[in-house]
Structures are given as structure tokens and as C-alpha cells.
Amino acid sequence: MKISPKNPHFFKPILPGFKQGIKIPKGFLKYVKKYDQYEHAILRRADKKWRVKVNGRRLEDGWEKFAEQHDLHLRDILVFRHEGDMEFEISIFDLNQQCEREYKYEYESKDKPNHNIKSSRKASHFVCIVRPYCLSRDALFIPKEFASRNGLFNTKKRDLLVRDERQRSWNVILRSYGDKTAYLVDGWNKIRDANCLKEGDCIMFEVVTSGNKPIWKFKRMTEQ
């Protein structure tokens, strides 16, 4: 029996013409009950919300404002995590930096007219592109910001369990050297080969649990 994820999510690369609107994938609608009865979706980042008009599967009025406020540009990748009732938590990844982008937001309050809040939470995902070294050296470097925010430096060696959406799993070793470099080694080649990864593919790892042997989820974001 296939079990639906608790917080299903989908990925959208930013492509030309994105400011006019963006579509929810047709296959994702099975996770949204009575989706055709919603007139608006709520997009959420760092406790701030944007109301966006829904036209069929397309997000329209209000989307351009969200895109402009987050300075979205081509080759960014967005992760939409459904929280229920057509509300989505949005993560934005910059493929040039291969990590989640951070923003500062201004909030109004009676005690303090203006104050900036910057999230210091752990980074739950990272997105990267398969480079030639990933194929020739059987290693995958982890973005420095992700490694730092998840305490992956100065551990020398750590065992991980990596799973994908098909419930396949791999034991992987993470190694780090000081506070500069962290990468996946033993086991990465099995993930690579099982998914027929090639140079230029876009992939994502998501932290599911921490602990003595963390569990990460693997997702291939480019079509095979």
C-alpha cells in the first residue's frame, strides 16, 4: 500500500515568463482535496504570507509581487510544501550558490516601528547540480552553508541513511575536514548509479531526522 506523504511538495524551476504566473503540477493535485473550490492560495516564507489568486492550476494575481519581493530569477528552484488548505511553505534555492537563499523581512509592531528578522533555523534542504567530479571521484560536496547550519563540520565521519520516494535506501558516509569541507563518499556512487545521474542533473537532499544516524531524503529534480 502506498502511503501519501504528510507534507507533500513539488518543485518548480524558474523559467522565462515566470512573472506572469506559475502552474501547480497536474500530478500534485491528488494531494489537495477539492482544489477546484479554492479561489486563492497562500504562499508562506519566514512567517510572512502572500495571497495569490488561483486560476485552475495556475497561480496568477499576487504571484508577481511574491516573485519581485524575493528577487526570483532564471534557474532558481522553488520547493512548494503543502501545509493544507491550499497553503504552501516556500523554499527558494539559488543554483549558483547551491543552497537555500536567505531573506530579511520587515515587520510592523506597536513596540518597534520597524525591525528586521532573519531566520537562523537549520537548513532542511540543499539543491545541487551533478558536476563532472561527482561522476569521476565518487564524491558529492555539500554546500558550506548547509553543512554549517546543520553541524556537519568537525565530525570527520558520520553514517547516514538516504531514502528516495520509491522507498529505496542507501547507507552513505559523510566526511568533513575542519570547518571548510563536507562531502558524501561511500554510498554516493550507489545513489548516482541507481538513479542514472549524469552531468547537469539537478538533485535535492532533505533532512528527515537527525540523531546518531540521520535520515535524509533524496530527490531527482530533473526529468529522466
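Predicted model: local features only at pLDDT ≥ 70, side-chain atom pairs only at ≥ 80, totals over all residues.
## Overall make-up

The protein contains 4 helices and 17 strands. Its chain has 224 residues, and 44% of them are buried. The accessible surface of the protein is about 13200 Å², with carbon and sulfur atoms accounting for 45% of that area.

Contacts can also be sorted by separation along the sequence. Of those between residues at least 6 apart in sequence, 54% link residues at least 24 apart.

Strand β13 covers residues 157–163 and strand β14 covers residues 169–177. The two run antiparallel and are joined by 7 bridges. Across this pairing, leucine 160 lies opposite valine 172 of β14. In general, the strands of a sheet pair through backbone hydrogen bonds, in either a parallel or an antiparallel way.

## Asparagine 189

Asparagine 189 belongs to helix α4, which spans residues 188–194. The relative accessible area of asparagine 189 is 24%. Because buried means under 20% and exposed means over 50%, asparagine 189 counts as partly exposed.

Asparagine 189 and serine 136 are 53 residues apart along the chain, and their C-alpha atoms are separated by 9.7 Å.

Key
Residues numbered from 1 in each chain as written. Heavy atoms only, no water. Buried < 20%, exposed > 50% of the residue type's maximum accessible area, 1.4 Å probe, protein only. Pairing = 2+ DSSP bridges. Contact = heavy atoms within 4.5 Å. Areas by Shrake-Rupley, 256 points an atom, 1.4 Å probe, with all protein chains shown as cover.
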